[in-house]
Amino acid sequence: MKNTIFQTMFLTLLMVCILTFSRAQVLPSTGATLQKNTWTTSQLMKPETLVKMIRTGQKVKIYNIGVVQNIKGAVNMGAAGEKENLKKFAQVLKGVPANTTLVVYCGCCPMDKCPNIRPAFQLLNDLKFKNARLLELPVNVKTDWIDKGYPLAENTK
């Protein structure tokens, strides 16, 4: 009896979490859950490529536009899905040459649902950055970066 009650409670909680998460990803104007990507396939960067750039000291500006741990060398801009953080990101990018290699990432959730990467990458497109890349973290930063032992910022636990 206790096991059945526990299972029912667990499944109910799981369903509430799933419904809450999926509702957070709904676009308010259309009610659609799928979002249009603001990048091309050639603008995606594999984690292994960024790791190599970091380890060999290549010049690259890395911006954390989410709420996850900082990758080594990343500047944390906060969640780009929030207008204030996106404005702050635009201010930081002022004066950065258009041919600078820039990498943005979030990794809070699967890329197809992330509320932060599309506005941030659209900003990079609007500002005409020629070498803007989105770090390809299909699952999240924990699975696709941290669990692989890739470099994190010194102050990350």
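**Aromatic pairs and the terms behind them**

Analyst: By the rule for aromatic rings, the count comes to three aromatic pairs. Rings of Phe, Tyr and Trp (its six-membered ring) pair if their centres lie within 6.5 Å; planes under 30 degrees apart count as stacked, over 60 as edge-to-face and the rest as tilted. This is a predicted model, in which local features need pLDDT of at least 70 and side-chain atom pairs count only at pLDDT 80 or more, while totals for chains, interfaces and linings use all residues. Residues are numbered from 1 along each chain as its sequence is written, and side-chain values use heavy atoms, with hydrogens and water left out.

User: Why is the pair of Trp39 and Phe121 called edge-to-face?

Analyst: The ring centres of Trp39 and Phe121 are 6.2 Å apart and the planes stand at 80°, so the pair is edge-to-face. The two residues come from distant parts of the chain, 82 residues apart: Trp39 is in the loop between helix 1 (2-24) and strand 1, and Phe121 is in helix 4. Helices (H or I, at least four residues) and strands (E, at least two) are DSSP runs, numbered from the N terminus. Both Trp39 and Phe121 are buried, where buried means under 20% relative accessible area, exposed over 50%, and partly exposed in between (1.4 Å probe, protein chains only).

User: What makes Trp145 and Tyr150 an edge-to-face pair?

Analyst: Their ring centres lie 5.0 Å apart with the planes at 70°, so this pair is edge-to-face. Trp145 and Tyr150 are buried.

User: How do you know that the buried residues of helix 2 line one face?

Analyst: The buried residues of helix 2 (residues 47-55) are Pro47, Leu50, Val51, Met53 and Ile54. Seen down the helix axis, they fall within an arc of 160°, so they line one face of helix 2; the arc is that of the directions from the helix axis to the C-beta atoms. Lys52 and Arg55 are exposed on the other side of helix 2. The buried residues pack against elements including strand 2 (61-64), strand 4 (101-105) and strand 5 (131-135), contact meaning heavy atoms within 4.5 Å.

User: Why are the buried residues of helix 3 said to line one face?

Analyst: In helix 3, Asn85, Phe89 and Leu93 are buried. Seen down the axis, these residues fall within an arc of 80°, so they line one face of helix 3. The face turned away from the buried side carries the exposed residues Lys83, Glu84, Lys87 and Gln91. Strand 2, strand 4 and helix 4 are among what covers the buried residues of helix 3.

User: What makes strand 1 and strand 3 edge strands?

Analyst: Five strands form an open sheet in the order 1-5-4-2-3, with parallel pairing. Strand 1 and strand 3 (74-76) are the edge strands, as each pairs on one side only. Two strands pair if DSSP finds at least two bridges between them; strand 4 and strand 5, which run parallel, are joined by four bridges.

User: Why is the contact of Lys46 with Glu136 called a salt bridge?

Analyst: A salt bridge is a side-chain nitrogen of Lys or Arg within 4 Å of a carboxyl oxygen of Asp or Glu. The side chains of Lys46 and Glu136 meet at 3.2 Å, N to O, in a salt bridge. By this rule the count comes to two salt bridges. The other pair is Lys142 and Asp147, at 2.8 Å, N to O.

User: Is Lys46 buried, exposed or partly exposed, and why?

Analyst: Lys46 has 44% relative accessibility, so Lys46 counts as partly exposed.
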